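Trainee: Could you walk me through this one before I start on my own notes?
Mentor: Gladly, here it is.

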Amino acid sequence: MGSLKIENIRKSFGHVDVLKGIDLEVKDGEFVIFVGPSGCGKSTLLRVIAGLEDATSGDILIDGKKVNNTPPAKRGIAMVFQTYALYPHLSVRDNMGLGLKQAGKPAQEIKERTRIASSMLSLDDYLERRPAELSGGQRQRVAIGRAIVREPQLFLFDEPLSNLDAALRVNTRLEIARLHRQLKATMIYVTHDQVEAMTLADKIVVLNQGRIEQVGSPMELYNSPQTIFVAGFIGSPQMNLIDAAKLGQTGARTIGIRPEHIQVSKTSGEWKGSVIHVEHLGADTIIYLQTDFGPLTVRLFGEHNYDVDGTLYATPDSGRTYRFDDDGQVIKA
Amino acid sequence: MAKPTASPIRTGFVHLALGAYTLVALFPVFLTVINSFKDRASIFRDPLGLPTPSTFSLVGYETVLKQGDFVLYFQNSFIVTAVSIFFVLLFGAMAAFALSEYRFRGNTMMGLYLALGIMIPIRLGTVAILQGMVAAGLVNTLTALILVYTAQGLPLAVFILTEFMRTVSDDLKNAGRIDGLSEYSIFFRLVLPLVRPAMATVAVFTMIPIWNDLWFPLILAPSDATKTVTLGSQVFIGQFVTNWNAVLAALTLAIVPVLVLYLVFSRQLIRGITSGAVK
């Protein structure tokens, strides 16, 4: 009921190619997240799916139906925006009901669907208020409510949590996850925050410079990144990427090792380094080392005390290193 | 965050300068209003004096109102001004929406072209406009004035409103599109309410020159049935004799509608002028 197929979508603004041939399939009920650095084209891709931008070439199929020339309102989609985009002159109730009203649905049905959505999001007490009288979190819930009321085949989220503060962001994230379970709807979600991507997604699409780098489940991306870009983008702190030549290794250009896959010792180990800085996060301790081959980040679980400028030996966990070739592609062991 | 308090001396100077400017600006208005309530002899004897019981006279107003046609002149001015403002705001806002919202070839050129009218006074084209109006048979109609004033007001309106419409969030317009609003609904129901302060600013800036204009009524619509207030009050100014009572009374009356409109719009107007700077 809510599958999406994207075939070779290209989009140019003048001479700038923003999307350079995107192919993607989203199954019904999937939660798909587009991540990537700013300017990678993820928002543009979402807008093309929504019909707010025309693709320069390529096809969009929703439920197997080509919707290239279908206006946004008729595509069976609903969208939640980063800036909430609530209608300032309408009450919460009318904000949620406007789409149905435009579609000519009977008042009774609009009322019923608004009621269901508002109770789902605990907005019942605010139905008569204007957006200006709500807090940021409430506004975003109204925006989500407005999407639910439309009962779309496809939910589109454009960085919905970016304008919320940290605590609200976690709550709203949980709420979105709950909604996805409850509604079993297909959701496409754009974010630059990899924590949101890892926690919410069934499938993550990593975009870079208008191309898809890799598609996979969060753990697939974490455990077997196909490119150096994905390796560096997924995981925090970032994966250590070391010039293979400096390590004296051949057959690869770059060696990657995640900070959490390195052990340290004061006495012996593979790589010698001096401590530049230590960050204590409670559950984790992050150590920044300067070694012969450049900086190295190490993440240890629990609390550890190391002196700055002290010498430490680091050893990578065996089988946890990644090798990349000249083009940044992973070399399969 | 406490606002840094300016030194009282500096504030004093600012207020002095503003006060002085206000006095200079209001002086002619003040003079017009007080003299309109005096009899003819005391206007000349003591032009700066306030009306006293002995010099107070409403003869100017009586002359103006007895002239009979003045109600018609007022009505003409009202029609011309109101209809012109309506068209300026409607077309100006529509053009501004197109310029700010849609990407198309020549967008910037079109914007500059539309703004050109701010720099080139429309009066330079008076002869051609008159020829056009004669050819179209519109001389001595209010339509002629409305057309000219709409053209005169549009450049500034397009310019100001384009800037304001750029500030309206794209997400909001896109949300409207997804909810199935037509482009016209988005324009009228989402964007226009949000640029209301700018509309008020444009309305006032457009209204005042139209209401005060003497040039085009004199050239395009001088017939008795189409005279505006400004033109109408010229009947009291003769080559040899000028009925100052009547002229001043007519001008005083002509100030009233502008003043009322200004008071109505002033809240919005101040928001419109400052919002770009402060936000």
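This is a predicted model: local features need pLDDT of at least 70, side-chain atom pairs count only at pLDDT 80 or more; totals for chains, interfaces and linings use all residues.

Trainee: OK, how is chain A divided into domains?
Mentor: Chain A has domain 1 at 4–230 and domain 2 at 238–324, with bounds that come from an automatic or database domain assignment. The C-alpha centres of these two domains of chain A lie 38 Å apart.

Trainee: And what are the domains of chain B?
Mentor: For chain B the assignment gives domain 1 (8–57) and domain 2 (72–278), and 30 Å separate their centres, taken over C-alpha atoms. Seven residues from domain 1 of chain B and seven residues from domain 2 of chain B make the contact, where two residues are in contact if their C-beta atoms, placed from the backbone, lie within 7 Å.

Trainee: Which elements of domain 1 of chain B touch domain 2 of chain B?
Mentor: Helix H1 (8–36) and helix H2 (40–45) of chain B each give two or more residues to that side, and H1(B) gives the most, with five residues. Helices here are DSSP runs of H or I with at least four residues, and strands are runs of E with at least two, numbered from the N terminus.

Trainee: Switching topic, what does UniProt place at residues 74–265 of chain B?
Mentor: The unreviewed UniProt entry places the feature "domain: ABC transmembrane type-1" there, with positions in the numbering used here, feature names shortened, and annotations that may be inferred rather than shown by experiment. Over residues 74–265 of chain B the chain is 77% helix and 0% strand, and the end C-alpha atoms are 21 Å apart.

Trainee: Which residues of chain B are listed for "transmembrane region"?
Mentor: The unreviewed UniProt entry lists several stretches of chain B, including 12–34 and 78–99. In the model, residues 12–34 of chain B are 100% helix and 0% strand, with end C-alpha atoms 30 Å apart, and residues 78–99 of chain B are likewise 100% helix and 0% strand, with end C-alpha atoms 31 Å apart.

Trainee: How do H4(B) and H10(B) pack?
Mentor: Helix H4 (residues 70–101) and helix H10 (residues 196–212) of chain B pack at an angle of about 140 degrees with their axes 10 Å apart, the axes being lines fitted to C-alpha atoms, for helices over the stretch in contact, and the angles running from 0 to 180 degrees between N-to-C directions. H4(B) and H10(B) are therefore oblique to each other, since angles under 35 degrees count as roughly parallel, over 145 as roughly antiparallel, 65 to 115 as roughly perpendicular and the rest as oblique.

Trainee: Which residues make that contact?
Mentor: Among them are Val80(B), Ser84(B) and Val88(B) of H4(B), and Val202(B), Thr206(B) and Trp211(B) of H10(B).

Trainee: Last one, how many residues of chain B are in contact with chain A?
Mentor: 12 residues of chain B are in contact with 17 residues of chain A. On the chain B side, helix H8 (170–178) and helix H9 (183–194) each supply at least two residues, and H8(B) gives the most, with six residues.

Methods:
Residues are numbered from 1 along each chain as its sequence is written. Chains are lettered from A and ligands numbered from 1 in the order in which they are written.
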